[in-house]
Amino acid sequence: MDAVTSPQTADQHSHLVQPSTMEWQKTRFPGCEAKTLLFDRGTGLMTALMRFAPGSVLPDHEHVGIEQSYVIEGALVDKEGPAKGIACKAGEFIWREAGSRHAAWCPDGALILAIFQVPNKFFEADGRVVDAAGQDWDETWGHTAAQRAPRI
């Protein structure tokens, strides 16, 4: 899932990512695709372009660390949870505190730049808690310091 960076980067501390050359990757959530721009497997830090088809839903999940989203096209709407009905529209930015939990949907589709300190916890109907890839969250990400980050 690590982003492909350009080998032509002169400064070894700068990593040029060219999303226009990347393929959209399907996720396990119908209608949701991603281009991962940055992914640190040690900490879980991730930045991604996310594309949602009209009506697609990101089911019940918790933001373990701070989550930031800038909506480029469409809208991201809280479908369930304490902020039910709040809509972040094109040109708007929303961030969520560590520990916030909701389900989100994109009624007309969306293109979003999303930044996560650590991968979300998704709550399955059978009681399992997994990451976006369907892996057990504690086994995969329990080591991350971000899960113990103080809330703002």
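Mentor: Let us begin with a salt bridge, which is a side-chain nitrogen of Lys or Arg within 4 Å of a carboxyl oxygen of Asp or Glu. Here E33 forms one with R51, and the closest N and O atoms are 2.5 Å apart. This pair links distant parts of the chain, with E33 in strand β2 and R51 in strand β3, 18 residues apart. Helices (H or I, at least four residues) and strands (E, at least two) are DSSP runs, numbered from the N terminus. The model is predicted: local features need pLDDT of at least 70 and side-chain atom pairs count only at pLDDT 80 or more, while totals for chains, interfaces and linings use all residues. Residues are numbered from 1 along each chain as its sequence is written, and side-chain values use heavy atoms, with hydrogens and water left out.

Trainee: With which other residue does E33 form a salt bridge?

Mentor: E33 also forms a salt bridge with K26, the closest N and O atoms being 3.7 Å apart.

Trainee: Is E33 buried or exposed?

Mentor: Buried means under 20% relative accessible area, exposed over 50%, and partly exposed in between (1.4 Å probe, protein chains only). E33 has 17% relative accessibility and therefore counts as buried, whereas K26, at 72%, counts as exposed. R51 counts as partly exposed because its relative accessibility is 34%.

Trainee: Which residues are linked in a network of salt bridges?

Mentor: The network links R28, E124, D126 and R128. Within it, E124 and R28 form a salt bridge whose closest N and O atoms are 3.0 Å apart.

Trainee: Over which ring does the charged end of R28 sit?

Mentor: A charge sits over a ring if NZ of Lys or CZ of Arg is within 6 Å of the ring centre and within 35 degrees of the ring normal. The charged end of R28 sits over the ring of F122, 5.9 Å from its centre.
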